[in-house]
Amino acid sequence: MNRLDISAAVGLLVVSAVVLIATWPLVYWSDFAPGPAFLPRWIALAGLLLGATLLLSAVRRPSTISPRAAGGPPHRARPLLTLLALVALAALFPVLGLRVAGAAFVLFVLLVVVRRRLMPSLAAAATTMLIVYVVFVRWLGIDIPSSLLGF
Amino acid sequence: MESLRLLFGGFEVALTPANLTATFVGVVVGQVIGALPGIGPSLGMVLLLPISFGLEPVTGIVMLAGIMYGAMYGGTVTSVLINVPGESSSVMTAIEGQHLARQGRAGAALGIAAVGSFLAGTVSIAALMFAAVAISDFALEFSAPEYCLLAAIGVSATASLGLGSTVKALGVAVFGLMLASIGVDPILGSSRLTFGVEGLLDGIDFLPVAIGVFGIGEVLATLESATDITPLKVRLRDMWPRWSDWKACRMAIARGGGIGFGLGLLPGVGPTAATFLAYAAERRFSRHPERFGRGALDAVASAESANNSAVTGALVPMLTLGIPGSGLTAVLLAALTLHGIRPGPLLMAEQPDLVWGLIASMFVGNVILLILNLPLAPAFASLLRVPYAYLAPAILLLSLIGAYATTRDLFVVGLAIVFGALGYFMIKADLPRAPLVLALVLAPIMESSLRQSLILSQGSARIFIERPISAVLIVVFVLSLVWPLATAWRRGGRAAGPPMSPID
């Protein structure tokens, strides 16, 4: 059985059930026209049907071993670390400002996640922040959040 | 003749300094994105989508459209030189290109692909002109029932006619429809599925979803497997096809272009499927089918012509009916909507500068791409030496800033990250992402048209059958759902199909 397919199927079943339950108190039909619950309920029922079909198929299918991609084994920690860094960036840039938080994010990904060398990473971070400044601040005139220190 | 007059007017719009610059920027960005493996054209479009808001609508749209067809040219470079498809519609080019590269004919492959893409792209833009006018005139007969069914067909066909598992694609589309239900009811104004979260009262906007699933998710998935690559070196003098190459490939270009444009008109087919079908058709027509899979130049010509013309074909339903048939045209539709422009039959009458300016800019863009690709392909190839690891954090940062820049709302940034995680999961689980964004774009049209239709008919569903066009559309909708599912069931009840390309 394919765990990812099962997860997808279960996810669809859960979301469909939530939509069905959450829209139950809403009006289904009002006078001679559908109400707010009409379409979401039918869509949720379709979701339950498709989720059940996908789950059944995933459980019955034998799991396959994915062929190893050319270039070596996958770096499984990278997506999770990068995602956590993104969350930290979103949380910190109102406090540190986008320039500092953005540069810190780029350096974290390059030095810690993908383990690149220091000097090229510093150059990449500087280039990225320059592009952000030129495109968003100078060209589009967008007000980028500053840090509590004013930059 | 009227179309030609309007086209000349379009060139006046397209050749202004701002629009010419936007076309150039769009096609160059598209070429670069297409050339870099792990970055699809949809990512490029969503990255530039927030930037396009600071521009005039025509300027923003020609730039985004330039990325769309520019990426088709760029995908050839990486397919031939490192045997990795730059984007999903270059898979067949990679298969043939690697053999041609080993035979010392990488330059010929790149050259004939550029010429084929230019010729097929140019002819398909001309076909777009005439098809768009004809369909727009016909679509003036449409009313709420027809729009409801067209939107439903747009969602169902994209889910069921695309590559990969039909059940998975329909499941993703249904999930997208549920997401689109969040917010405020469009007719009665009551809140729906917001769970008391104030940020959800405006619904789930297209931008954070697109940035998340196409941008952040794609980068996360590519980071997992990214390794440094070394492309083959190509000399400038090897780029020009020989006369014998041209003679061998001209019919392949014509067939590939025709098949690509025709299939591109259908929602859900897209350039990737068009490429596969054009390749298969060319193999049947070829006098030497045994060469296919071992370095056939006409196979490259056919595949590359098909993917370019399919992208152009997909613009026809988007511009004339307001129904995008792919993830790429969904982003373009969203850009138009966010600029306050509603695609549909009235678009050509109400916004002639936009439509004809876009069409004219595509002619100009194809010329630019031919000029860039023939002598400058070795220069683009050098971009492949930049390790993906250095590009990834920049792309992620620009994605988040793009999400923030349009709304100044951290909630939207958070949504983009959540959908980024979802996009990563979808790639790993082989779930197509285009049906999600298409459903998000089309659901409001579908729901409001459905309810308007039933209000008009005082609650009777017969309005959908009594009108001849909507009766035909109902049949098409049912077929688009039933036929792929029945085919899958006949194949042994397998609900899972062949795996998707990760960039589709």
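Start where the two chains meet: select the 67 residues of chain A that are in contact with 59 residues of chain B, contact meaning heavy atoms within 4.5 Å. About 5,300 Å² is buried between chain A and chain B, and carbon and sulfur atoms give 82% of that area. Buried area here is the accessible area (1.4 Å probe) that two parts lose on being put together, summed over both.

A word on what you are looking at: this is a predicted model, in which local features need pLDDT of at least 70, side-chain atom pairs count only at pLDDT 80 or more, and totals for chains, interfaces and linings use all residues. Residues are numbered from 1 along each chain as its sequence is written, chains are lettered from A and ligands numbered from 1 in the order in which they are written, and side-chain values use heavy atoms, with hydrogens and water left out. The predictor gives the complex an ipTM of 0.91 and a pTM of 0.82.

**Stop 1: helix α3 of chain A**

Select residues 77–96 of chain A, which form helix α3. Helices (H or I, at least four residues) are DSSP runs, numbered from the N terminus. Its 20 residues reach 26 Å from first C-alpha to last, close to the 28 Å expected at 1.5 Å a residue; the expected span is 1.5 Å times one less than the number of residues.

Where does α3(A) kink? Click on A:A90: a kink of about 30° lies there, shortly before the proline A:P94. The bend is the angle between axes fitted to the seven residues ending at a residue and the seven starting there.

Now show the side chains of α3(A) that are buried, among them A:L83, A:L86, A:L89 and A:F93. Buried means under 20% relative accessible area, exposed over 50%, and partly exposed in between (1.4 Å probe, protein chains only). Their cover includes α4 (98–113) of chain A, and from chain B α9 (206–225), α16 (388–407) and α17 (410–428).

**Stop 2: a salt bridge between the chains**

Select A:R76 and B:E224, whose side chains meet in a salt bridge at 3.2 Å, N to O. This pair runs from the loop between α2 (38–60) and α3 of chain A to helix α9 of chain B. A salt bridge is a side-chain nitrogen of Lys or Arg within 4 Å of a carboxyl oxygen of Asp or Glu; there are two between chain A and chain B.

B:K428 sits in α17 and B:E224 in α9 of chain B, so the pair ties together parts 204 residues apart in sequence. B:K428 is partly exposed, at 35%.

**Stop 3: within chain B**

Next, select B:D298 and B:R291, a salt bridge with its closest N and O atoms 3.3 Å apart. B:D298 is buried at 7%, and B:R291 is partly exposed at 30%. Then select B:D185, B:R192, B:E447 and B:R451, which salt bridges with shared partners join into one network.

**Last stop: confidence**

Colour chain B by pLDDT, the predictor's confidence in each residue, from 0 to 100. Chain B averages 83, and 91% of its residues score at least 70. Over residues 493–504 of chain B the pLDDT is below 50. Where pLDDT is low, the predicted coordinates should not be read in detail.

Technical notes. Helices (H or I, at least four residues) and strands (E, at least two) are DSSP runs, numbered from the N terminus.
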